[in-house]
Amino acid sequence: MPPHEDKTLAKTQSSSNGSTDSAECKKDYVQDGPEAQEIAKYLPYFPFKGIPRFYDIGGFLANPDVFQKIVDIFAARYGEIGIDSVAGLDARGFVLGPPIALALKKPFIMMRKKGKMPNSIQSKAYETEYGSREGMTVQRDKISKGDRVLVIDDLVATGGTLSSAISLVHMLGGTVVECACVVELKMFIDPAEGSGLPSRTNLFKELGINHVPVWGLVSEDVLTIEAELHKDYVDDGEEH
């Protein structure tokens, strides 16, 4: 499944108070385009959780101008296609989703791990590159039938977590307009047989959600910055 084709979008620019101005000229923000290549400089990778390249969004979160640019790009992409709410995934989607929702002037919805919210429904268990996970949850009253929902997370790899989010939206009668992430690892989209890598394309087909588009601003093709490790660095990442 090729990366989702970009729509023509309204370019946004930060004003002095950090808000966005969607009246600027239209612009296509393409995966790994000039803006993405600049942002990639602030996404170093670490050996973490047993993964040789764990991409750390802490790099751009520490730079307000870069973080604002990411928010502006996402607000531009989704400002004109008609969404009712923005859903963010536990936990990094809680960092990225709210400023994007505010820029779009739309409600923000939390999709959390089990046992964290009252009045919630739960999706089925799912698999990630880290292993098996219990289903995600969302509060019953946050999505109504016919709602158009934008799902936000920091990174998409195998698509397991996104599949859980899509399921929750569908369970409540909503539609996922798109799943949007800062980073998309293309190696998992449709890997060659025998590679040993899980296929996001096959997973989405098996779950009947292959009609839901997925878009990432930056791919591993331009994520080449290796973090400088302290001499005492150890991989102490917890599984979850």
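## The sheet

In this predicted model, E11 and E12 run parallel and are joined by eight bridges. Within that pair, Asp 153 stands opposite Cys 181 of E12.

The two strands belong to an open sheet of five, ordered E6-E5-E11-E12-E13 with parallel pairing. Its edges are E6 and strand E13 (214-219), each of which pairs on one side only, and the twist from one strand to the next averages 20 degrees.

## Helices on the sheet

H4 packs on the sheet, where it touches E5, E6, E11 and E12, and its direction makes about 140 degrees with that of E11. Helix H5 (residues 160-171) also packs on the sheet, touching E5, E6, E11, E12 and E13, with its direction at about 160 degrees to that of E12.

The end C-alpha atoms of helix H4 (residues 92-104) are 19 Å apart, which agrees with the 18 Å that its 13 residues should span at 1.5 Å a residue. Its buried residues are Gly 93, Leu 96, Gly 97, Ile 100, Ala 101 and Leu 104, and the elements covering them include helix H2 (58-61) and helix H3 (64-78) as well as strands E5, E6, E11 and E12. Just after H4, Lys 105 takes a positive phi of about 60 degrees.

## Cysteines

A search of the whole structure finds zero disulfides.

Notes
Residues numbered from 1 in each chain as written. Predicted model: local features only at pLDDT ≥ 70, side-chain atom pairs only at ≥ 80, totals over all residues. Heavy atoms only, no water. Disulfide = S-S within 2.5 Å. Helix = DSSP H or I, 4+ residues; strand = E, 2+ residues; numbered from the N terminus. Expected span 1.5 Å × (residues − 1). Buried < 20%, exposed > 50% of the residue type's maximum accessible area, 1.4 Å probe, protein only. Contact = heavy atoms within 4.5 Å. Pairing = 2+ DSSP bridges. Axes fitted to C-alpha atoms, helices over the stretch in contact; angles between N-to-C directions.
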